[in-house]
Amino acid sequence: MKIFGDVSRRRVMQLGAGLAGGLLLGSTLARADTLVDSVVPATDEMAKGIKKSGKLRIGFSNGFSGNTWRTECLEQMKIEASANADRYDFIVVDGQGDITKQVNDIEDLIAQQVDAILLIANSGTAVVPALRKAERAGIVTVPFNLPVDGEHWTAYLGTDPHQKGMILGEKLNDMLSGKGKIVGFDGLPGNSYSAGVWEGAKPKLGPGIEMLALKDAYWEEDKAKVIMADLLAAYPQIDGIYSDGAQMAVGALRAMKAAGRALVPVTGDDYNGLLKFYHAEKANNLNLKMSLVSEPSWEGIIALRTAVKLLSGESVPKRQTIKPTRIDGDNYLQYMKPDLPDGVFVDTTLTDEQLKKLFS
Amino acid sequence: MKFTLFSLCRRYPIWVAVLLLYAVASLVSPAMLNPDQVLNIVRVTAFLGMVATGQTIVLLTGGIDLSVAGVVTLVNILSTGLMLGDNGNIFVAMLACVAVAAIVGVTNGVLVAYFRIAPIIATLAMNSILFGVALVYTGGAPHGAAAPAFNTIAQGDILGFPASGVCWLVLSIAVAMLMRKTVFGRWIYAVGANARAAAMMGVPVRLVVVAAYTLSSMLAMCGGLLVTAYIGNPSLGIGNSFMMTSVVAVVVGGTALSGGVGGVVTTIAGALFITELNSFTNIAQASTGAQFVIQGVLIAASVVVYRLLARRPRA
């Protein structure tokens, strides 16, 4: 299965023992090695590496671990790390969703004199002083997935919410032929990711599209379903659903189905539940369409490789953008995992067997 | 007593508030009057209502149960994980949920009654444990799904009325009867009003407290099962919102946090009020921030109103 663009453009990222250690986990790593295609520098600015010798120690401060995306992300990082066990030790700390705890976690990693700290920040502001401290201690820092304020970190990588939003907005506009009434769903109230996606999407929706209500549904299926049930009562005509996460899209569609309404076009990400729902319902709902942009859960692998590259003295782009996968009604069968739970995010390097083991 | 609007307001303030809010909401959005929307609100209120009914019992004893959030989450994870979308597994899954809820409730009660741990700490700790267990049990990647037959308790109807609403009202009225008409109910009020005096009168205070927490846990389990049946999927974040809203529904209903004053029937109205408010703010396009502010203001206002009402002598 070819996911990530054109093979001829592939540059294999040769970072240390990644390939040598890949015997056991060959298929996963072989796929992971195509990932390089999906990473592009976002700036000309380069981050200078710090050459370290001997066995390295890389810490990962995970902001929290309470959802399946994070679980898949961490699992892929662990697989990558175990394939490189001769090269570096991988230490994981969990912030449990607590901004303060994550700062302490990072301080602990600094005290343990690790060589690099990767992190997904609970708060892009709160971790700034800790990262500055790490910088002074000569530690390479690689925040990823969610941006961090300031410049006192070595290199950042993640998807571009604004670009994602532009795609979602354009596609929703197309699916509705530029005309209709829509409702929308965001994640946690006030989060910068949802705001970025919406900023990108909004200008792409034509003048014929009216947003009836844009609600925060916490990236939770049940919350979206409850809100959608209210919106259905209020608005006799809803022609489309904008959502930056497909859990909310499918929750909203389930409410429509329960209310006996014809299903409508939706946007979202690579949540397996929506693909399964679409597959089951599309025959009875000719107007049900979807256009999705993934949030790749293999970002952590790139973060690890970036850290290793920096620690071998090489320079890397200060900011790298991860290119997501686009999924729609034409190609979804390639990604759908009918035997796996709804909660799986399908843009992953994990094989079905690995996912089955993880989700059991 | 004369049956005037004023006396109605004084005797049943929360019911008046429920109707008033509905009237205001209908003026802003006539869609609220749609019978389907009325039934939808009842269907959705059932989840919170079930949990809040249990919370009422604990608040009446002068305690608080913050572990309801963890119970809802764990029940959701456990039931979907054991059902695996198969009707044949419903019984086993429910049995496991009952067992877990019973253990949680009894433990909460014992911690509060026998080890004299402050209820807010004991149940907060329990909540943390339950969420941790859910994480360990799933490894962060929950699997399974609710069985189709099971889903009908939240998605189906009984004679055109939402089945979840029927479950909630029947159970809540049963609990209300338990509180009003039985010795056990009087013990609950006595313990909440003055535990020492109750003990001197021969009320088995500790056992009553254990029973209260157990009932709360069981009802939170029922709420968890209903919300699971509504969505059909496991979700680690599903219970979070119940911790505070269950307390809010009870307090808005007029039950005092200090214990001994209030009742289950007004909590039914309290839960309706909160859900109605959410529904109204959804339809009225209020932002999440505005929604939080409005909720906060109404909680504070309701407490003030109840205090004022309590001060006035009865006509």
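1. Domain bounds here come from an automatic or database domain assignment. On that basis chain A splits into domain 1 (7-158 + 298-323) and domain 2 (161-293). The centres of these two domains of chain A, taken over C-alpha atoms, are 32 Å apart.

2. Ground rules. This is a predicted model, in which local features need pLDDT of at least 70 and side-chain atom pairs count only at pLDDT 80 or more, while totals for chains, interfaces and linings use all residues. Residues are numbered from 1 along each chain as its sequence is written, chains are lettered from A in the order in which they are written, and side-chain values use heavy atoms, with hydrogens and water left out.

3. The A–B interface. In chain A, 31 residues are in contact (heavy atoms within 4.5 Å) with 32 residues of chain B. The two chains bury about 2,400 Å² between them, 51% of it on carbon and sulfur atoms. Buried area is the accessible area (1.4 Å probe) that two parts lose on being put together, summed over both. A:Lys215, A:Lys225 and A:Asp230 supply 22% of what chain A buries against chain B, more than any other three residues.

4. Polar pairing across the interface. Between chain A and chain B there are 14 residue pairs in polar contact, both at pLDDT 80 or more. A polar contact is a pair of N or O atoms within 3.5 Å; within protein, one must be able to donate a hydrogen and the other to accept it, and residues adjacent in sequence count only if both atoms are side-chain atoms. Salt bridges between chain A and chain B number zero. That term requires a side-chain nitrogen of Lys or Arg within 4 Å of a carboxyl oxygen of Asp or Glu.

5. Who supplies the surface? Helix 2 (68-83), strand 9 (209-216) and helix 7 (221-234) of chain A each give at least two residues to the side that touches chain B. Helix 7 of chain A has the largest share, eleven residues. Helices (H or I, at least four residues) and strands (E, at least two) are DSSP runs, numbered from the N terminus.

6. Salt bridges elsewhere. Over all chains the structure holds 14. One joins the side chains of A:Lys55 and A:Asp89 (3.3 Å, N to O). A:Lys55 lies in the loop between strand 2 (46-47) and strand 3 (56-62) of chain A, and A:Asp89 in strand 4 (residues 88-94) of chain A, so the pair ties together parts 34 residues apart in sequence.
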